Amino acid sequence: MKLLRNAAIAATLSASILAGCQGTGEVLNQGYIVDEQTLALAPVGSSREQVLLSLGSPSSTATFDNEVFYYVSQKRTRPVAFMKPKLVEQSILAVYFNKDGNVERLAHYTLQDGKVFDMISRVTPTGGAELTFLGQLLKGGANPASMVQNALGAQK
C-alpha cells in the first residue's frame with residue numbers, strides 16, 4: 001500500500017514538472033513577412049521605386065547587377081532560452097527586374113525549395129583540422145613541456 005502511494009506521488013510530481021517545462025518555449029521571428037495585400041502593391045510591371053515604397057528595403061540584393069531584390073524571413077524555435085534556436089520556416093521573396101528597372105517576375109521560395117543558408121555568417125571557415133590538446137599529444141605534434149611553459153608565461 002505504501003509503495004502504491006509513493007508511486008502515485010512520484011507520478012504526480014513528474015507530470016507537474018513536465019507540464020511546467022512545456023510553457024518555456026520561445027518562437028523567434030526574424031525578417032520581413034510579406035502579406036498578400038502588400039505584395040499586391042508591387043505587381044509585375046511596376047517600377048523599382050514602387051517596389052521599394054511598398055515592400056521597403058530588401059534583406060539582400062543580387063551581388064553583381066542589382067537586378068534582384070530578396071526579402072528574407074525566418075521563424076526559429078527553441079524549447080529553453082539557453083538552447084540554440086532551430087530553423088522551422090524560411091521564406092524568401094525574390095523580385096526580379098528587367099533592364100528597364102521594372103518587375104519582370106516574382107518568386108517565392110521556402111525551406112523545401114532549397115538549401116538553408118545563413119545571410120550573415122559569423123564563422124570564417126579555415127583549412128585543416130583543429131586538434132584538442134589530447135589529440136595533439138596522441139598525434140605527437142605537441143610538446144607538453146613547452147605548452148606548459150607557454151601557458152605559464154615562462155621565459156626561456
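Asn29 is exposed, at 54% relative accessibility; exposed means over 50% relative accessible area, buried under 20% and partly exposed in between (1.4 Å probe, protein chains only). The model is predicted, so local features need pLDDT of at least 70 and side-chain atom pairs count only at pLDDT 80 or more, while totals for chains, interfaces and linings use all residues. Residues are numbered from 1 along each chain as its sequence is written, and side-chain values use heavy atoms, with hydrogens and water left out.

Asn29 sits in strand S1 (residues 26–31). Strands are DSSP runs of E with at least two residues, helices are runs of H or I with at least four, and both are numbered from the N terminus. Beyond residues up to four places away in sequence, Asn29 touches Gln74 and Lys75. A contact is a pair of heavy atoms within 4.5 Å. The C-alpha atom of Asn29 is 9.4 Å from that of Glu89, 60 residues apart along the chain.

**Confidence**

pLDDT is the predictor's confidence in each residue, from 0 to 100. The chain has a mean of 77, and 71% of its residues reach 70 or more. Among the elements, helix H1 (residues 2–22) has the lowest mean pLDDT, 66. Helix H3 (residues 48–55) has the highest, 90. Where pLDDT is low, the predicted coordinates should not be read in detail.

**Salt bridges**

The whole structure holds two salt bridges. The criterion is a side-chain nitrogen of Lys or Arg within 4 Å of a carboxyl oxygen of Asp or Glu.

| Salt bridge | Closest N and O atoms |
|---|---|
| Arg78 and Glu26 | 2.9 Å |
| Glu67 and Arg48 | 3.9 Å |

Arg78 lies in strand S3 (residues 68–78) and Glu26 in strand S1, so this pair links distant parts of the chain, 52 residues apart. Arg78 is buried at 19% relative accessibility. Glu26 is partly exposed, with a relative accessible area of 29%.

Glu67 lies in the loop between strand S2 (60–61) and S3, and Arg48 in helix H3, so the pair ties together parts 19 residues apart in sequence. Glu67 counts as partly exposed, at 21% relative accessibility.

**Helix H3**

Which residues of H3 are buried? They are Val51, Ser54 and Leu55. They lie on the same side of H3 because they cover an arc of only 80° around the axis. The arc is taken from the directions from the helix axis to the C-beta atoms. Exposed Glu49 and Leu53 are on the face turned away from the buried side. The buried residues of H3 pack against helix H2 (36–39), S3, strand S4 (86–97) and strand S5 (103–110). Just after H3, Gly56 takes a positive phi of about 85°.

**Nonpolar cores**

A nonpolar core is a set of buried Ala, Val, Leu, Ile, Met, Phe, Trp, Tyr and Cys residues joined through side-chain atoms within 4.5 Å. The largest has 10 residues: Leu39, Ala42, Val51, Leu55, Phe69, Tyr71, Leu93, Val95, Phe97 and Val103. H3, S3 and S4 each give two or more residues to this core. S4 gives the most, with three. Apart from it lies another core, of five residues, among them Ala62, Ala94, Tyr96 and Ala107.

Tyr71 belongs to the largest core. Leaving aside neighbours within four places in sequence, its contacts include Val51 and Leu55, Gly56, and Leu93 and Val95.
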